[in-house]
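Q: Before we go into details, could you show me the structure that we are going to read together?

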Amino acid sequence: MPRQTRIANDPALYDRLAGEWWRPRGVFAVLHWLAAARGALVPAPERPGAVLVDLGCGAGLLAPHVEGYVHVGVDVSRESLALARKHGVMAVRADVAAVPLPDECADVVVAGEILEHVPDLAAVVAEACRLLRPGGLLVVDTLAATALCRFLAIGVAERIPRIATRGVHDPALLVDRRELVRECRRHGVALTLRGIMPHLGDAALWLARRREAVRMAPVPTTAVLFQAWGVKGARPEAGPGR
Ligand SMILES: C[S@@+](CC[C@H](N)C(=O)[O-])C[C@H]1O[C@@H](n2cnc3c(N)ncnc32)[C@H](O)[C@@H]1O
């Protein structure tokens with residue numbers, strides 16, 4: 001059943017703020033940190049020509065972390081895709097709920113910070129799993145549909161300049177973890193989840209301009225920001241990909 005959106009989550013925001021994408025201290029700085037953490041879950045390609053499909057790729061911030069793959073990025077934002085192309089991404093302008101790519105074309109599908117922006121989670125999960133070849137890896141990071149996440153990621157983070165842009169998230173679209181796991185399982189991908197947050201020491205140094213990037217640290221709860229991964233046609237693992 002499609003979820004209802006409210007006023008927030010304006011898709012034009014990414015075109016308007018396109019100049020910010022690749023600024024490490026711009027309004028999308030946190031996305032740089034998350035892209036590095038996401039890339040660490042993607043193993044080196046097993047063969048030349050291995051394909052990684054990046055759903056909601058934005059300006060291609062993942063590109064430096066997944067070198068060696070044919071990196072195909074799907075997004076609705078024209079300006080963001082133009083930047084992604086400059087970073088070696090093969091850009092496809094499309095809705096992530098209806099991707100014009102063939103079944104099982106991808107060795108890896110990533111959905112980084114996109115699932116909390118889509119009105120029909122089940123449709124996007126189905127699309128991600130359709131694109132993935134048997135034995136391929138799905139990697140996700142997103143925000144959980146919990147009161148704690150609404151408070152921290154929207155109530156607090158969206159009030160701190162350079163941490164999150166005001167109105168970027170619609171609380172109604174945060175991701176129900178059980179629904180995500182269930183929908184992935186239905187399409188043959190058994191997910192493992194891990195909570196993460198910015199490393200507080202790194203973040204303090206970053207704010208003081210004494211550090212360029214902030215690492216993500218694992219946390220014992222998936223109730224706010226979390227990563228998830230799974231292989232199509234495999235059981236959940238005990239730990240992260242690498
Ligand atoms: C928070 S950004 C994440 C970008 C990128 N994954 C990253 O982490 O740097 C969300 C991206 O999803 C795109 N987006 C939102 N809804 C979409 C949809 N239905 N189909 C395709 N792209 C969408 C936006 O244009 C934006 O580039």
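**Reading the strands and their surroundings**

A: Strand 4 and strand 5 (residues 132-143) are paired in the parallel sense over 6 bridges, where strands are DSSP runs of E with at least two residues, numbered from the N terminus, and two strands pair if DSSP finds at least two bridges between them. This is a predicted model, in which local features need pLDDT of at least 70, side-chain atom pairs count only at pLDDT 80 or more, and totals for chains, interfaces and linings use all residues. Residues are numbered from 1 along each chain as its sequence is written.

Q: Which residue in strand 5 stands opposite valine 108, and which strand is joined to strand 4 by 4 bridges?

A: Leucine 137 in strand 5 is opposite valine 108, while strand 1 (residues 51-55) runs parallel to strand 4 and is joined to it by 4 bridges; aspartate 54 has valine 110 of strand 4 as its bridge partner.

Q: How many of the 7 residues of strand 4 are buried?

A: A residue is buried if 20 or more other C-beta atoms, placed from the backbone, lie within 10 Å of its own. In strand 4 (residues 106-112) 7 of the 7 residues are buried, so the strand is largely enclosed by the rest of the structure.

Q: With which residues is leucine 55 in contact, leaving aside its neighbours within four places in sequence?

A: Contact requires C-beta atoms, placed from the backbone, within 7 Å. On that basis leucine 55 is in contact with Val74, Val96, Val109, Val110, Ala111, Ile114 and Ala128, once neighbours within four places in sequence are left aside.

Terms used
Contact = placed C-beta atoms within 7 Å. Buried ≥ 20, exposed ≤ 12 C-beta atoms within 10 Å, placed from the backbone.
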